[in-house]
Each structure stands twice: as structure tokens, then as C-alpha cells.
Amino acid sequence: MFYDSKMPKYSLKAWKTIIDTYWAKYFGIKSWQNRNIDFVNKNGYLLSPSGRILYFPPGKRGERYLEQAIKNYIVQSFATADIMPLAMCVIHKKIALAGLQAVLICQVHDSLVFDLPEEEVQELARICIETFEDLPRLIKQF
């Protein structure tokens, strides 16, 4: 069994309280997820905020569609397939304009991996932070 020593050793009752408190505070998320599940059950797809059509195959355990996929996929797809590529393009352009040697190697989920000289770390960090903070404005442009 996997055990992470950094995880709090709460009782099942304490975890239930944490989860119930979360859903009480963020009740809008649950109703949004339920609306998405209902929509997929009727139509077989969702439309992401960027207009991407997300199709869902039927589930294998009797449910019409895998609800966990419906709950997660629209958020993960928008972040990974729409927002991150935009950020990567902007960062790439800013690296070139700054004359840095830094090279974007790959994206891993919500992380970017670079190869760069140590003396460029602070400047690249500034570029990345500035870009991610500016994403809401950049997204509205597209």
C-alpha cells in the first residue's frame, strides 16, 4: 500500500467533514458538474469554453458515461489543450525577444520544462510568472 508521510493521518470521519465542508462552500461546482453530466447523457459530448467538442464514450460498468471523466475532462482539457499552448507560445516569443538561450523542452500537464543556463533562471522565472498572470487578458484576445 502506498503511504505518503506528508498526508495528514485524519480519521475517516474527519475526511468526510473536510469533503462535506468543501462541497458546502463550493456548491456551484457540484451543480455545474451535474449539469455537465446531464448534458453528456443527453448529447454524448460537451463544448469547452474555447469551443472544443469533447466526446465521451459510454462507460463499461452500466452507467451511460463515465461521470468522473465528465467532471474532470472539461477543466483539464481547457487547461492543457488550450491555455498551456497559448502560454507556451507567449513565453517562447518573450524568450526570443529577451535574447535568452533558454529552450522549452516539453510540457508535463501543468508544468513546463526548460533547458537553460543557470544565470537565466531569474529572468525566465519572471517571464513565466508575468505570462501566467497575464493569461486572463490574453485568453480574451483569442
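**Pocket, surface patch and salt bridges in a predicted model**

Ala98 is found in helix α3, where helices (H or I, at least four residues) and strands (E, at least two) are DSSP runs numbered from the N terminus. The structure is a predicted model, in which local features need pLDDT of at least 70 and side-chain atom pairs count only at pLDDT 80 or more, while totals for chains, interfaces and linings use all residues. Residues are numbered from 1 along each chain as its sequence is written, and side-chain values use heavy atoms, with hydrogens and water left out. At 38% relative accessibility, Ala98 counts as partly exposed, a class that lies between buried (under 20% relative accessible area) and exposed (over 50%), judged with a 1.4 Å probe and protein chains only. Between the C-alpha atoms of Ala98 and Glu123 the distance in space is 8.8 Å, although the two residues are 25 residues apart in sequence.

Helix α3, which spans residues 67-98, gives the most to the lining of the largest pocket, with four residues. A pocket is defined on a 1 Å grid over the protein atoms alone, as an open set of points with protein on both sides within 12 Å along at least five of seven lines, whereas a cavity is a set of points where a 1.4 Å probe fits but cannot get out; lining residues have an atom within 4 Å of a point. The volume of the largest pocket is about 160 Å³, a volume being the space filled by probe spheres set on the points, which are joined across faces, edges and corners. The lining is made up of Pro49, Ser50, Phe78, Asp82, Ile83, Leu86, Ile139 and Phe142. By class, six of these residues are nonpolar, one is polar and one is charged, where Ala, Val, Leu, Ile, Met, Phe, Trp, Tyr, Cys and Pro count as nonpolar, Asp, Glu, Lys and Arg as charged, and the others, Gly among them, as polar.

Asp82, one of the lining residues, also forms a salt bridge with Arg52, with 2.5 Å between the closest N and O atoms. This pair links distant parts of the chain, as Asp82 lies in helix α3 and Arg52 in the loop between β1 (45-47) and β2 (53-55), 30 residues apart. A salt bridge is here a side-chain nitrogen of Lys or Arg within 4 Å of a carboxyl oxygen of Asp or Glu, and by this rule the count comes to six salt bridges. Asp82 is buried, with a relative accessible area of 17%, whereas Arg52, at 33%, counts as partly exposed. The loop between β1 and β2 also holds Gly51, which is partly exposed at 42% relative accessibility.

A further salt bridge joins the side chains of Lys94 and Glu130, at 2.8 Å from N to O. Lys94 lies in helix α3 and Glu130 in helix α4 (residues 121-133), so this pair ties together parts that are 36 residues apart in sequence. Lys94 is partly exposed at 21% relative accessibility, and Glu130 is likewise partly exposed, at 36%. Glu130 also meets Arg126 in a salt bridge of 2.9 Å, N to O, and these two residues both lie in helix α4, four residues apart, which is about one turn of the helix. Through salt bridges that share partners, Lys94, Glu123, Arg126 and Glu130 are joined into one network.

Ile105 is found in strand β3 and, at 51% relative accessibility, counts as exposed. His109 lies in the loop between β3 and β4 (111-115) and is exposed at 64% relative accessibility. The phi angle of His109 is near 55°, a positive value in a residue other than glycine.
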